[in-house]
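Good morning, colleagues. Please take a moment with the sequence and the model on the screen before I go through the local geometry.

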Amino acid sequence: MKRNLTRRDFLKLSSIAIGAAALPTLSPADLGLAAPSMGLGRATIRLGLMKRPRWVTDRVKYIDIDEVVTIYRAVMGQYEGKPSWHNYVWYEVEGGYLHSSWVQPVKNELQTPVTSLPLNGLFGEIYVPYTEAYVSPDTKSKIVYRLYYSSTFKITKLQIVNGVMWYHLFDEEKPNGFWIDGRLMRIITPDEITPISPDAADKRVVADLDTHWLSAYEGKTEVYRTRFASGKAYFESNGELKRNITLGVKQPIWGKFITVHMSGGVAPDGYDLPGVGWVSLFSGGGAAIHSTYWHNDFGRPRSAGCLNATPEAAKWFFRWTAPPVEYVPGKIEAPWPGGTRVEIVGTPPPSNNDSP
């Protein structure tokens, strides 16, 4: 039976516990992924539900995009038939197993909306699997976007309608912004962006294209590591192979933003992504370390040139790297020579046009 959750379901759904594991259960550190202990996952594509945690097995059914499922546990699976797999983690859900690369771990926690707003606004993140954003504070008005868990926005206005507090969200590509039910957004506090180890000397970030590990170093000591998805190479319409990756050069972080609307390109490779969080720009071409809500597929080339990371990891790098960011205005552009250096090492990926 199809188990899409409606907006009404989100308002009712209580927190769900992870079940006991008979097969090996992996910790978040082992997975290199967002923690599955959240209990819920959102399908980021139309995805096959498999009888066992492997591709060469009976398909039970398809899970539609944006369908929300309960995650019981994470297990190690198999990858027959695929020559270069990078992620062996599957999620056990009702009726079978889903490959974790295309299931975004999410929360569904209603918030108590604020009743007043500082002059410069507040930042917040969507705290349900998804919600619609409307042109006005009315669910009967036009839908502007579907917003997803962990996407971040600046709240610029409040309005109570029929006893419900609505938030107006700023978006640089939508002059009039849009509105959401305030219960669906968690407020990001100034304490959450305080710098990590601000006095540490010789900070640097290393992104290894061979292993797809993103590492933070203080001197010769690695202090943090996470899996990432790198920018893939692709062919332009004229047949030219293009790479959005510069090897070897240590490029400074020159701009940081709590939230950015990212868009570009044309179909089928175009993208339009409101509320991308924890953005740390490090190249003149616009490459950045940033949060990702449209996939959970870390460990291979798949972005349009940036370094995709989980929301937790992107936020950590945002706080650890220089320059620091003040809550107001929630962004900074650093003059040359900029901040912490990001170095790309390893082998550039070949053209990658595989679809999941």
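I begin with a single contact between strands: the bridge partner of Arg42 in S4 is Val68. Two strands are taken as paired if DSSP finds at least two bridges between them. Helices (H or I, at least four residues) and strands (E, at least two) are DSSP runs, numbered from the N terminus.

Before going further, a word on the basis of these values. This is a predicted model, in which local features need pLDDT of at least 70 and side-chain atom pairs count only at pLDDT 80 or more, while totals for chains, interfaces and linings use all residues. Residues are numbered from 1 along each chain as its sequence is written, and side-chain values use heavy atoms, with hydrogens and water left out.

To return to the strands, S1 (residues 40–43) and S4 run antiparallel and are joined by three bridges. They belong to an open sheet of three strands, in the order S4-S1-S8, with antiparallel pairing. Strand S4 (68–70) and strand S8 (103–106) each have a single partner strand and stand at the edges, so one side of each is left without a neighbour in the sheet. On average, neighbouring strands of this sheet are turned by 35° against each other, direction ignored; the axes are lines fitted to C-alpha atoms, for helices over the stretch in contact, and angles run from 0 to 180 degrees between N-to-C directions.

Next, the backbone. Most residues other than glycine have a negative phi, and most peptide bonds are trans. Asp66, in the loop between strand S3 (59–63) and S4, has a positive phi near 75°. Asp66 is also buried, with a relative accessible area of 6%. Here buried means under 20% relative accessible area, exposed over 50%, and partly exposed in between, with a 1.4 Å probe and protein chains only. Trp278, in strand S24 (residues 271–281), likewise has a positive phi, near 55°, and is buried at 3%.

Which peptide bonds are cis? One joins Val328 and Pro329, with omega about 15°; Pro329 is found in the loop between helix H3 (311–320) and strand S28 (331–333). Another runs from Trp336 to Pro337, with omega near 10°, and Pro337 lies in the loop between S28 and strand S29 (341–345).

I turn now to the aromatic rings. A search of the whole structure finds 15 aromatic pairs. Rings of Phe, Tyr and Trp (its six-membered ring) pair if their centres lie within 6.5 Å; planes under 30 degrees apart count as stacked, over 60 as edge-to-face and the rest as tilted. Tyr224 and Trp316 are stacked, because their ring centres are 4.1 Å apart and their planes are at 5°. Tyr224 lies in strand S18 (residues 221–227) and Trp316 in helix H3, so the pair ties together parts that are 92 residues apart in sequence. Tyr224 is partly exposed at 22% relative accessible area, whereas Trp316 is buried at 17%. Trp316 also forms an edge-to-face pair with Phe317, at 5.3 Å centre to centre and 80° between the planes. Elsewhere, ring pairs link Tyr130, Tyr148, Tyr293 and Trp294 into a cluster.

Finally, charges over rings, where NZ of Lys or CZ of Arg must be within 6 Å of the ring centre and within 35 degrees of the ring normal. The charged end of Arg227 sits over the ring of Trp213, 5.2 Å from its centre. Arg341 has its charged end over the ring of Trp336, 5.6 Å from the centre.
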